[in-house]
2 protein chains.
Amino acid sequence: MQRDVTKQFAFTLKARDSSARLGEIATPRGAIRTPAFMPVGTAATVKAMLPETVRATGADIILANTYHLMLRPGAERIARLGGLHRFMGWDGPILTDSGGYQVMSLSKLRRIEEHGVTFQSHIDGATHLLTPERAIEVQCLLGADIRMVLDECTPFPATRDEAKSSMELSMRWAERSKEASQGMAVPGQALFGIVQGSIYPDLRGKSAEALKSIGFDGYAIGGLAVGEGQEAMLDTVAVTASVLPEDRPRYLMGVGTPQDLLEAIARGIDMFDCVMPTRSGRHCQAFTWGGKLNLRNARYADDPSPLDAESACPAAQYSRAYLHHLMKCGETLGPMLLSWANVQFYQELMAGAREAIARGNFAAYAEDVSRRYRASNGGEEE
Amino acid sequence: MQRDVTKQFAFTLKARDSSARLGEIATPRGAIRTPAFMPVGTAATVKAMLPETVRATGADIILANTYHLMLRPGAERIARLGGLHRFMGWDGPILTDSGGYQVMSLSKLRRIEEHGVTFQSHIDGATHLLTPERAIEVQCLLGADIRMVLDECTPFPATRDEAKSSMELSMRWAERSKEASQGMAVPGQALFGIVQGSIYPDLRGKSAEALKSIGFDGYAIGGLAVGEGQEAMLDTVAVTASVLPEDRPRYLMGVGTPQDLLEAIARGIDMFDCVMPTRSGRHCQAFTWGGKLNLRNARYADDPSPLDAESACPAAQYSRAYLHHLMKCGETLGPMLLSWANVQFYQELMAGAREAIARGNFAAYAEDVSRRYRASNGGEEE
């Protein structure tokens with residue numbers, strides 16, 4: 001699909017079921033059905049999957065990491081090669097994060113100042129400066145369809161004062177990101193703000209207000225799934241979503257398990273990304289409609305049943321015995337098939353959520369899936 | 001494709017161009033166009049490739065390793081799970097080797113006796129006994145379409161006496177393999193003998209005569225590509241092929257480079273297997289119609305041209321810059337794409353050979369390909 005320059009970025013809220021929302025985001029590179037799960041293509045590849053396979057799972061959009069791509073192969077290089085879509089052979093929408101989270105989680109010798117953050121590459125130790133303006137520039141060079149403002153991912157735990165001053169810095173960076181974006185973006189390229197404020201409801205509220213007054217195409221909730229636990233996370237999601245505009249997509253960053261996703265959808269979230277399906281796939285964990293399985297388990301050595309008879313994924317039709325064998329032998333086909341099956345499970349989970357919201361029975365759908373997962377977690381499958 | 005029990009194993013010689021042969025092998029699981037290259041699926045997977053991708057490259061048949069599969073997951077287990085075809089999701093013909101070569105190259109504490117060979121597993125150190133009868137039994141349990149006799153792969157170099165006594169042991173084992181096979185095989189499953197004799201023409205001739213008098217469905221040439229050099233290998237191939245029956249397929253085991261294959265086809269060989277395309281793919285080497293490339297080379301970092309514009313392989317349409325990036329980052333998609341492109345190149349090479357033989361200009365075809373490869377080897381591409 002070529003980029004359709006007549007199409008603008010636009011969110012349509014199509015239905016509601018309690019707080020759960022069914023919607024669609026139009027972009028010049030195609031529509032994104034929401035609730036949407038974005039597979040993570042960190043280094044310009046959704047690990048161990050072909051782009052056409054990612055597409056065939058039902059993914060409308062993928063995420064790529066600014067931090068990784070600016071370090072290797074470099075944003076200017078990707079721009080010279082025609083942009084990220086052409087580089088990696090993915091013609092649908094791409095959301096790029098701003099690099100803020102990875103600077104905190106991966107790099108060394110970070111120095112955060114008003115101007116920006118100085119850090120050492122985890123690859124070669126070279127020193128880099130990331131400012132709100134540079135983060136936007138890098139994302140424009142990549143040709144991202146949805147760009148994120150640079151933020152400071154507040155560590156957890158943080159005192160209220162630490163969380164407040166970190167959030168306020170992120171809000172000043174959000175304003176600079178917006179200004180930078182206005183000078184650089186191609187029409188149709190969206191910019192999302194990121195709500196911070198740790199687990200303090202009033203700070204989340206202030207952050208959301210600050211972002212709304214700047215004005216963004218969508219609003220993300222950042223700084224969660226960093227150790228605060230599911231209850232605090234969902235409380236923060238609920239309080240934040242309640243103050244975000246109705247007419248813009250809401251994106252919960254870096255979350256999570258199937259149950260996390262359903263709980264967050266119930267609280268009004270539209271978009272997700274997470275490495276879990278691909279990372280778990282490389283570590284023998286399979287997400288299925290029967291719950292979570294660990295394919296290393298010896299019980300599967302003689303199990304001729306398919307990985308997931310309820311899934312439409314071709315990868316899920318391979319026998320558990322074969323997948324067990326592949327993982328035990330360290331054969332690449334094992335992670336290939338499990339990553340594929342997991343990404344497709346997440347897409348089927350989102351498709352099910354969209355259908356349930358349209359029918360008005362999302363709560364029952366979420367409870368059914370959670371029941372399956374509670375049952376499998378009662379076993380030894382971790 | 002289901003196994004067609006009305007079809008027998010049968011070789012049809014369709015055309016000759018000097019000593020090069022165009023043929024077809026009928027099997028209950030479909031036809032094998034010769035000259036044929038068999039991708040190697042050692043542990044019940046052609047590494048980093050889906051079975052349907054292997055098929056789409058043009059491969060009619062794959063090879064699997066008896067040694068690996070008997071150790072893990074075990075031949076009896078695969079039989080219980082419905083056989084190797086179902087286990088790995090490949091419905092075309094499968095040739096299994098006998099394990100003799102891997103016992104010599106991979107295992108430890110080998111003791112070769114008249115009865116068979118005792119060895120230690122390279123996986124867990126457990127002691128195993130492989131006899132001609134057990135090698136056939138394992139291959140029957142796997143459900144192989146073409147089975148190989150157990151042989152001793154004579155080390156190189158070997159004195160004439162060593163080579164003679166090793167070859168004579170292999171011939172006695174070949175006779176026992178044939179006898180064992182008659183009690184076990186399903187109709188339509190073929191058994192190939194293996195000519196040994198190191199680089200001694202008279203021993204090769206004696207070995208071929210011995211096998212012919214036992215009678216096999218096809219004849220392999222073993223014990224080559226073990227350090228003797230291309231000239232000695234090709235001389236041995238020529239002298240051996242000249243004494244093999246016209247009406248049976250001839251299989252050169254474990255060979256080789258594109259040039260090796262063309263030279264062997266010119267000497268009357270019909271079938272090949274080699275790990276080179278997949279192993280090279282994992283190590284950044286690409287076989288293309290423009291010669292051999294090393295994608296690690298920094299010259300490709302900014303090269304937007306496809307890996308191989310002359311190939312019809314989807315994997316070969318990715319840019320060299322992207323493949324360079326993937327390999328540099330250690331991303332699994334790199335080996336996936338290069339293995340695919342290499343296996344397809346080998347299949348395209350064989351398809352070209354078959355067309356050339358049919359047209360009667362095989363020598364020109366082989367010279368054209370060799371010229372491309374000589375040119376690329378003149379660079380730094382190793």
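Two strands are taken to pair if DSSP finds at least two bridges between them, and helices (H or I, at least four residues) and strands (E, at least two) are DSSP runs numbered from the N terminus. The structure described here is a predicted model, in which local features need pLDDT of at least 70, side-chain atom pairs count only at pLDDT 80 or more, and totals for chains, interfaces and linings use all residues. Residues are numbered from 1 along each chain as its sequence is written, while chains are lettered from A and ligands numbered from 1 in the order in which they are written.

Strands of a sheet pair through backbone hydrogen bonds, either parallel or antiparallel. In chain A, three strands form an open sheet in the order β7-β8-β9, with antiparallel pairing. The edges are formed by β7 (108-112) and β9 (127-130) of chain A, each of which pairs on one side only. From one strand to the next, the twist averages 15°; for such angles, axes are lines fitted to C-alpha atoms, for helices over the stretch in contact, and angles run from 0 to 180 degrees between N-to-C directions. Strand β8 (residues 117-120) of chain A is joined to β7(A) by three bridges, and within this pairing A:Lys108 has A:Gln120 of β8(A) as its bridge partner. On the β9 side, four bridges connect β8(A) with β9(A), and these strands run antiparallel. Here A:Thr118 is partnered by A:Leu129 in β9(A). The hairpin of β8(A) and β9(A) has six residues between the strands, among them A:Gly125, which takes a positive phi near 80°.

Strand β1 (residues 10-17) of chain A is joined to β2(A) by seven bridges, the two running antiparallel. A:Thr12 stands opposite A:Glu24 of β2(A). Two residues lie between the strands in the hairpin of β1(A) and β2(A), where A:Ser18 adopts a positive phi near 55°. Three bridges then link β2(A) to strand β3 (residues 32-34) of chain A, again in antiparallel fashion, and A:Gly23 has A:Thr34 of β3(A) as its bridge partner. The hairpin formed by β2(A) and β3(A) has five residues between the strands, and A:Gly30 in its turn shows a positive phi of about 115°. Because five of the seven residues of strand β2 (residues 20-26) of chain A are buried, this strand is largely enclosed by the rest of the structure. A residue is called buried if 20 or more other C-beta atoms lie within 10 Å of its own, exposed if 12 or fewer, and partly exposed in between, with C-beta atoms placed from the backbone.

Chain A is divided into domain 1 (10-273) and domain 2 (281-373), the bounds coming from an automatic or database domain assignment. The C-alpha centres of these two domains of chain A are 27 Å apart. Contact between them involves 24 residues of domain 1 and 24 residues of domain 2 of chain A, two residues being in contact if their C-beta atoms, placed from the backbone, lie within 7 Å. On the domain 1 side, two or more residues each are given by β1, β2, β4 (36-39), α1 (51-56) and α10 (258-266) of chain A. The most come from α10(A), with six residues. By residue type, the domain 1 side comprises 16 nonpolar, five polar and three charged residues; Ala, Val, Leu, Ile, Met, Phe, Trp, Tyr, Cys and Pro count as nonpolar, Asp, Glu, Lys and Arg as charged, and the others, Gly among them, as polar.

In chain B, eight of the nine residues of helix α10 (residues 258-266) are buried, so the helix is largely enclosed by the rest of the structure. The buried residues of α10(B) include B:Pro258, B:Asp260 and B:Glu263. After α10(B) comes B:Gly268, with a positive phi near 100°.

Chain B is superposed on chain A by a rotation of 180° with 0.0 Å of shift along its axis (RMSD 0.0 Å). That is the relation of a two-fold axis. The superposition is by least squares on the C-alpha atoms of residues with pLDDT of at least 70 in both copies. Of the residues of chain B, B:Thr332 comes closest to the rotation axis, at 3.9 Å (C-alpha). Between the chains, 30 residues of chain B are in contact with 29 residues of chain A. On the chain B side, α3 (75-80), α4 (84-88), α12 (320-329) and α13 (333-359) each supply at least two residues, and the largest share, six residues, comes from α12(B). This side of chain B divides into 17 nonpolar, six polar and seven charged residues. The copies meet through the same surface, because 97% of the interface residues of chain B are also interface residues in chain A.
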